[in-house]
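Student: Hi, I have just opened this one. Could you walk me through it?
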Amino acid sequence: MKKVIKKSYKFAIKTAFYITLVISVLIAAVLLVSNVFHVGIVLGFSAFCYITSFLIIQYRVERFIYRRVKKIYDDLTLLESASLRRQPITTDMATLTQEIDKFAKDKKLEIETLKVREEYRKEFIGNVSHELKTPLFTVQGYVLTLLDGAMNNEKLREQYLERANKGVERLIYIVQDLDMITKLEVGDLSLNIETFDIVELVASVFDLLEMKSAKKKITLTFDMFYADPIMVKADKERIRQVLTNLVVNSIKYGRIKGTTEISIENLIKNKVIVRVTDNGEGIAKANIPRLFERFYRIDKSGSRKEGGSGLGLAIVKHIIEAHDEKIYIESELSVGSEFSFTLEKAK
Ligand SMILES: Nc1ncnc2c1ncn2[C@@H]1O[C@H](COP(=O)(O)OP(=O)(O)O)[C@@H](O)[C@H]1O
Ligand SMILES: [Mg+2]
């Protein structure tokens, strides 16, 4: 790539002017003293002096200073600053200073972003191994007990194998969640937008979770009878995942004999809002802002009664945001929680 040099003549113009001024005054004085002063001679000399000085100075400056400046540019280009590379070289010092300043600032910003990302990565790996440890040790515990002789007891054998399998299942859930969140964060999860009936989708999520809710005698219900379908435009499978995560949470953190209620309302002309309301344990105000963070769980104790990766709500938020929609949460400790999100209505 041939580099264009944007020249600056200011330096040569000024320097030539000063040299000419000094020498002209000197010559005029000499001519005056020797009594041969003539305006024409002085002006003629000044013009000659100015032009030659200007040419020589400009030439020298170009050769020496500009070359050095060019070297600075080349060095910076080696550092692959995209912003510098695209522009023509300038030999004008003010612009150069500005550009180098900007270059330095960009680099600093870049380094800071990298540091934040590195921090995030470390934390992520720490969290992952922490989450995997508990079920892994559970599985190992049962397997070792079996090997130690429990396998000879027919009753224990089955029971322990079942528990070990539960641990493996939990590992699989965590890995699936991790996989999902990684895909969402890398951004290579493309949405498959289609038109579907959200009432029907909610009903099918209820059906699937009926067994789970029955264990805690929790009722899954609509707020009213929806006679007509409500058509929305979204990625059906992802929204199913959102609803499943929210309803599973409402069961996990709901109270025995509680209720989880879903309502679908018109919000504005082209939006509906889906609300998932429970009357469970609720969430303290202080914890609400962090709820959507990855791995964030309110009950941090290892012996928490409800399994989970703490990734559920982070996934929910990602999916809703990928749709360019909003998710809201309202909750009061020991009263209940309401998670709601918007969807685009189909015409
Ligand atoms: N409906 C709810 N009621 C009370 N607390 C909830 C509810 N939903 C989520 N939470 C709290 O938010 C935390 C994060 O939820 P989530 O991201 O789904 O992770 P997980 O369910 O795996 O713990 C949960 O650990 C729980 O403390
Ligand atoms: Mg969850």
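Tutor: One term to begin with: helices (H or I, at least four residues) and strands (E, at least two) are DSSP runs, numbered from the N terminus. This is a predicted model, where local features need pLDDT of at least 70, side-chain atom pairs count only at pLDDT 80 or more, and totals for chains, interfaces and linings use all residues. Residues are numbered from 1 along each chain as its sequence is written, and side-chain values use heavy atoms, leaving out hydrogens and water.

Student: OK, what comes just after helix 5?
Tutor: G187, which takes a positive phi of about 85°.

Student: And which residues of helix 5 are buried?
Tutor: Y160, A164, G167, L171, I174, L178, M180, I181 and L184. Buried means under 20% relative accessible area (1.4 Å probe, protein chains only).

Student: What do they pack against?
Tutor: The buried residues of helix 5 pack against helix 4 (93-147), helix 7 (236-252) and helix 8 (312-322).

Student: New topic: how many helices and strands does the chain have?
Tutor: The protein chain has eight helices and nine strands. Its radius of gyration (over C-alpha atoms) is 37 Å, well over the 20 Å from the globule rule (2.2 Å times the number of residues to the power 0.38) for 347 residues, so the chain is more spread out than a compact globule.

Student: What does the C-alpha trace span?
Tutor: About 130 × 60 × 40 Å along the principal axes of the protein chain.

Student: And how much of the chain is buried?
Tutor: Buried residues make up 36% of the 347 residues.

Terms used:
Chains are lettered from A and ligands numbered from 1 in the order in which they are written. Buried means under 20% relative accessible area, exposed over 50%, partly exposed in between (1.4 Å probe, protein chains only). Contact means heavy atoms within 4.5 Å.
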